[in-house]
Amino acid sequence: MHTLEWKESIPVAGEYDVIVAGGGLSGVAAALSAARLHKKVLLLEKSTMLGGLATLGLINLWVPLCNGRGKQVIKGMAEELLRLSIEKGFDTLPEEWKEGEPKEPTEKRYVTKFSIGIFALQLVKLLKDTGVTILYDALVSSPVMENGHCMGLIIDGKSGRQFYGAKMVVDATGDADVLLRAGVPTVDGRNFFTMIAYGVNLKSCQAAVEKGDIAAAYARFSGGPSSLYGKGHPEDMPLFWGASTEMVNDFLQKNQLQMYENIKDQPRKERDVLYLPGMAQLRTTRHIDGDYTLSMDDLYKHQETSIGAICDFDYRDRLYEVPFGTLVRTGFDNLITCGRSAAAKGWAWDALRVIPPAVLTGQAAGIAAAQAIDAETAIHDLPITPLQKALADTGVIIHFDDAWIPENPEAVHAETDGHL
């Protein structure tokens, strides 16, 4: 590839304590956490709404916050935002969890769907009320680096190219875009051929009227047929690693064309596609090569530097603790990540990337950024005890209860064999 070099004068548009790149739920959590600690926060979002994959990407499902036996594992801001998402819109929350953790054991999991549009509106109100500056339609072009220190971010928007300075930068892009361009080592992922969209059909409309529940009006339309584990992925189709312009376009266009083929012969007055995903529904694209990488070897292990316990959305009983090192890389003193670009591999990456753990890591990143500013220390050297205390004060379970570990953990661990 040929390269082009040129010099350019870029106006400085502002200075902030913390800049969060990416307005998905992990970025929202990071911005909210830092602002609640009285930091001046800028949240940059390349689209025109908050929520990322949970809203713009149409993945409007809070996967389990519990262990599948009636014990809530993920708390703190993850539960706060779950409850917010269903406060003014529909929900599918099981009765057992309506009032919080059940008093009796249950295999009903703490999950719910929510209104995409209403939740996105609630998020912008929440952040504005907390004092966060939100900048939509702002694409991060490049971090400005000096000896491992990020001076701030260059963005492209309707006003042209601008620079925003920062003391701390949180990469919540979901793709580790800021980290990669800052020179932080990263690891690529892989994705199967799959896409969903939402619309309505006559049957779903009838069901909504009969049940008196607008949630039933949603009809789901599919592009690529692959399951979470790759079942249905075409044998002759390479996997999508998803972290390049060409790969994202290949993924999107193949899925859109496949969806058209799937629906084109259906009766035209009996269904309509209302929402195509506004971003690629890629699960794992790129993550930081952090000071610690979570793996299946960490199942049921206590971590001294844990920022919170998490469960597994797809398997009952599985428990992990997320080390702070999954969010940082020594040598880059004011950069931290969160969400699906936290460091993990194998099935542990899938367990860590979904909405509740993403909010947990976002909350931790925002608090860590604020504490590092106050302590005048590199973020990767931040003392863990004050961070753990601040998280625990919001309800986060730092270390899971050993009583929740199943009698035969090896059998639970082995269930992942062959999935990825």
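The paragraphs below take up the confidence of the model and then the packing of its helices.

This is a predicted model, in which local features need pLDDT of at least 70 and side-chain atom pairs count only at pLDDT 80 or more, while totals for chains, interfaces and linings use all residues. Residues are numbered from 1 along each chain as its sequence is written, and side-chain values use heavy atoms, with hydrogens and water left out. The mean pLDDT (the predictor's confidence in each residue, from 0 to 100) is 95 for the protein, and 98% of its residues reach 70 or more. Over residues 416-420, however, the pLDDT is below 50, although this stretch has 12 contacts beyond near neighbours in sequence, a contact being heavy atoms within 4.5 Å.

Two packed helices are described by the angle between their axes and the distance between the axes. Axes here are lines fitted to C-alpha atoms, for helices over the stretch in contact, with angles from 0 to 180 degrees between N-to-C directions; helices themselves are DSSP runs (H or I, at least four residues), numbered from the N terminus.

Helix 1 (residues 25-36) packs with helix 8 at an angle of about 30°, their axes being 7 Å apart. Helix 1 and helix 8 are therefore roughly parallel, since angles under 35 degrees count as roughly parallel, over 145 as roughly antiparallel, 65 to 115 as roughly perpendicular and the rest as oblique. Helix 1 contributes L25, S26, A29, A30, S33 and A34 to this contact, and helix 8 contributes I355, A358, V359, G362, Q363, G366 and I367. These residues of helix 1 and helix 8 divide into 8 nonpolar, 5 polar and no charged, where Ala, Val, Leu, Ile, Met, Phe, Trp, Tyr, Cys and Pro count as nonpolar, Asp, Glu, Lys and Arg as charged, and the others, Gly among them, as polar.

Helix 2 (residues 77-85) also meets helix 8 (residues 355-375), the axes coming within 8 Å and crossing at roughly 125°, and helix 2 and helix 8 are therefore oblique to each other. In this pairing M77, A78 and L81 of helix 2 meet P356, V359 and Q363 of helix 8, a contact with 5 nonpolar, 1 polar and no charged residues.

Helix 8 and helix 9 (residues 384-392) have axes that come within 10 Å and cross at roughly 130°, so this pair is oblique.

Note on methods: Helix = DSSP H or I, 4+ residues; strand = E, 2+ residues; numbered from the N terminus.
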